[in-house]
Amino acid sequence: MDALEGSPVLEEVLGDALPQLELFHVKLAKEGEPRGIIGPRDVDIIWERHILNSAAIVPFIREAVEKEQFKTIADVGSGGGFPGIVAAACLPNCEFTLIEPMERRTEWLAECSEEMGLNNVTIFRGRSDEMIEQIKHRRHHPFAAVTCRAVAPMTKLAGWTLPLLKTRGKLVALKGKSAPNEIEKASKQIRQYHGYGAKVSEAEVGPGLQSTFVVTVERR
């Protein structure tokens with residue numbers, strides 16, 4: 001039994017997206033561990049560790065795209081759908097492209113999108129550099145924002161994410177406590193890929209729950 005099952009915190013944080021995310025939670029609880037999407041120790045804390053933690057990024061995405069005509073977001077290394085599936089449920093007026101190279105995970109993402117009725121999700125099976133090539137050759141438009149969670153340190157992430165962005169687009173990455181240190185180490189790579197204004201913000205996960213951290217970087 002999930003520690004937060006039935007808690008008023010869920011509705012407070014997730015609002016209108018709660019019914020869809022309850023479907024996601026049921027699927028994760030039933031199939032997540034046997035299919036290698038979540039670890040055995042996560043089964044009783046799916047709400048806090050995966051869904052609410054992913055939802056902490058939503059206000060930052062909303063702010064990043066609020067003035068954009070085309071609210072397009074790429075989620076790099078979507079894996080089990082964190083934060084891409086959660087953010088797509090919370091932001092139905094935004095278009096999400098989930099970038100994931102592993103076939104079994106893209107199958108999972110497709111099933112989740114369909115079962116949750118997410119009409120604003122496209123799944124791209126491949127690595128971010130393949131999408132970057134498409135953007136370079138004008139086969140795909142650059143994105144207004146790029147998200148990711150627990151994919152790689154900023155030294156690598158800069159090259160995997162910033163080239164996906166349009167001018168003045170924003171990287172919004174969920175990170176741990178080491179975020180300030182990561183930004184410092186990656187300052188050269190961030191500049192190399194036309195990033196600027198790197199910032200770490202504390203992001204609230206929910207009342208009484210431990211907050212997380214979000215790194216934002218704009219593209220010149």
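Which residues does UniProt list for "binding site"? The unreviewed UniProt entry names Gly77, Phe82 and Arg149, and their arrangement was examined in a predicted model. The three residues span 73 residues in sequence, yet no two of their C-alpha atoms lie more than 8.8 Å apart, so they gather at one spot. The lining of the largest pocket includes Gly77, Phe82 and Arg149.

Phenylalanine 82 is placed in the loop between strand 1 (72-76) and helix 5 (84-90). With a relative accessible area of 7%, phenylalanine 82 counts as buried, because the cut-off is under 20%. Residues up to four places away in sequence aside, phenylalanine 82 touches Phe24, Leu28, Ile37, Ile38, His50, Ser54, Asp75 and Arg149.

Arginine 149 belongs to strand 4 (residues 143-149) and is also buried, at a relative accessible area of 17%. Apart from neighbours within four places in sequence, the contacts of arginine 149 are Arg49, His50, Asn53, Ser54, Phe82, Pro83 and Leu174. The side chain of arginine 149 reaches the backbone oxygen of arginine 49 at 2.6 Å.

Seven strands form an open sheet with mixed pairing, in the order 3-2-1-4-5-7-6. Strand 3 (121-125) and strand 6 (195-203) are the edge strands, each pairing on one side only. On average, neighbouring strands of this sheet are turned by 20° against each other, direction ignored. Strand 2 (residues 95-100) and strand 3 run parallel and are joined by five bridges; threonine 97 has threonine 122 in strand 3 as its bridge partner. Helix 6 (residues 103-116) packs on the sheet and touches strand 2 and strand 3, and its direction makes about 170° with that of strand 3.

Technical notes. Residues are numbered from 1 along each chain as its sequence is written. This is a predicted model: local features need pLDDT of at least 70, side-chain atom pairs count only at pLDDT 80 or more; totals for chains, interfaces and linings use all residues. Side-chain values use heavy atoms; hydrogens and water are left out. Two strands pair if DSSP finds at least two bridges between them. Helices (H or I, at least four residues) and strands (E, at least two) are DSSP runs, numbered from the N terminus. Axes are lines fitted to C-alpha atoms, for helices over the stretch in contact, and angles run from 0 to 180 degrees between N-to-C directions. Contact means heavy atoms within 4.5 Å. UniProt positions are given in the numbering used here, feature names are shortened, and annotations may be inferred rather than shown by experiment. On a 1 Å grid over the protein atoms alone, a cavity is a set of points where a 1.4 Å probe fits but cannot get out, and a pocket is an open set with protein on both sides within 12 Å along at least five of seven lines; lining residues have an atom within 4 Å of a point. Buried means under 20% relative accessible area, exposed over 50%, partly exposed in between (1.4 Å probe, protein chains only). A polar contact is a pair of N or O atoms within 3.5 Å; within protein, one must be able to donate a hydrogen and the other to accept it, and residues adjacent in sequence count only if both atoms are side-chain atoms.
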